[in-house]
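Reader: I would like a close look at one part of this protein, namely the charged side chains and how they pair with one another. Please take me through them with care.

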Amino acid sequence: MILLFEFESLVDVWKLIIGNIIIINIMLSIMIVFFQRRDPKTVWTWLLVLYFIPVFGIFIYFILGQDYRKSKMFKVKEMEDTLHYSVARQERFFAERTKGMESLYIYNYIKLIRYNLNSGASMFTVYNKIAIFNNGRDKFKNLISDIRSAKRYIHIEYYIIKNDYLFDALSKELILKARQGVEVRILGDGMGVRFMPKYKWEQLKSEGIKVGIFFPAMLGWINPRMNYRNHRKIVVIDDYIGYIGGFNIGKEYIGADPRFGNWRDTHLRLTGESVLSLEVRFALDWNYSVKENLFADPKYNINDMYDEFINNLKKRSHEICCVQIIASGPDSSTKQVRNNFIELFGGAKHHIYIQTPYFIPDEAVLSALIVAVRSGIDVRIMIPCKPDHPFVYWATLSWAGTLLYEGAKVYTYENGFLHAKTVMVDSKCACVGTANMDIRSFELNFEVNATIYDEETTEKLENDFINDISLSKELTVEIFEKRGFIRRFKEQFSRLLSPLL
């Protein structure tokens, strides 16, 4: 049967789809099974959608089911060459010097460092300073102070930017800096800024501020790439100050939305070498979204950004705080952030602490955590006590229950909404950033995290976790068993759909 017709109205299109529904489903099924490299669970979920929701499932697939993992659209030739050269130097260094590093703290994490280098070109940086924020008011107060001190440029990238008084306060400061000659760029995600009125962007542009939208909507509200979200939150100021973490721009993130109350999150302020890696990540996203090659601008030339790497490492001073900025997204075949977690879990000796608003692990992550629990590792997971997305929350409870039965400890944070995305292992290594412990962050979202090889920073994060336990309820097996039939059904149904959530 031929599928090519001339049609004069949407009714003709609808008749075409209905008349050829079986053929269309078969073609899509063949494409999903044989031509796309997907997780088997995701494959089966899409097949169920196509065959149990035959007509609307097709539209759902074309909106949510696109696969960008083989895309090269975020690559910049000059940047790739520079990173490959720097990575090769670091690889040679670790290969030649590993035997002499037994006494160094980072020696225990050589495998993880090498993995992040080889698979994600994640530069290993040595001299850094880290401040931790778990309160939005403090974070934005410090951010505004740093914006006021900017001399050359301010680069801002957030998943969600809402039209409220917090954005107005930031806009006021950014406009003042733009008038002083500081280059200001703002990048938002097409879904995350969909409620921002156009006149607000035009007002910023009129003041000389450059604005970019990642995967913008087409024809008004239609966004066929809505399932692929730039979930990153990055700020870089003058090559030296960087921010990364969970806070977006909106009043709820400073605890001013009654629906959520107190907003518990984790954000980092970085100074030092790692900030340059954040700038590279911002520039790659900006270049794709705006078609402006920042790397061609002498002000953002990073060819020599890691020249002092070996000398800095040799110094081994008390100022050392080692950090790797890791990133992943659907344009890459490597699940960089996910695999970083797996390596961390596999290397744990004593304990693993996890804070995440959404816990929907894939098979590999779940297996790594189960192995850790059965090996006697103290695994503790903290999730919210309330949902911001009901289906995701029910799936989170179901997956948390799986680990609960294995012997892990699960806590529900009761003092507002928990949005922190943190992993701490053995009081020695931590990972903080934008990625949740869920399949969406592993496969569909564009994410960025900081892997921190530093005892002092990790201990601070763990102390925050311990303090949060006093504000939480422990979910025991006995409590979990008492939930009713309706709740069990919602959890199981959401768990079944979790590869698509």
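Author: In this predicted model, a search of the whole structure finds 21 salt bridges, and a few of them can be taken in turn. One is formed by the side chains of E202 and K205, with a distance of 3.8 Å from N to O; these two residues lie three apart in helix α9 (residues 198-206), and are therefore separated by about one helical turn. E202 is partly exposed, its relative accessible area being 37%, and K205 is likewise partly exposed, at 41%.

Another salt bridge joins R338 to D362, whose closest N and O atoms are 2.6 Å apart. This pair links distant parts of the chain, since R338 belongs to helix α12 (residues 336-346), while D362 sits in the loop between β11 (359-360) and α13 (363-374), 24 residues apart from its partner. R338 has a relative accessible area of 12% and counts as buried because the cut-off is under 20%, and D362 is buried as well, with 4% relative accessibility.

A further salt bridge connects R380 with D378, where the closest N and O atoms are 3.0 Å apart. Here R380 is buried, with a relative accessible area of 16%, whereas D378 is partly exposed, with a value of 24%. Beyond such pairs, salt bridges that share partners bring E183, R185, K210 and E292 together in one network.

How values were computed:
Residues are numbered from 1 along each chain as its sequence is written. This is a predicted model: local features need pLDDT of at least 70, side-chain atom pairs count only at pLDDT 80 or more; totals for chains, interfaces and linings use all residues. Side-chain values use heavy atoms; hydrogens and water are left out. A salt bridge is a side-chain nitrogen of Lys or Arg within 4 Å of a carboxyl oxygen of Asp or Glu. Helices (H or I, at least four residues) and strands (E, at least two) are DSSP runs, numbered from the N terminus. Buried means under 20% relative accessible area, exposed over 50%, partly exposed in between (1.4 Å probe, protein chains only).
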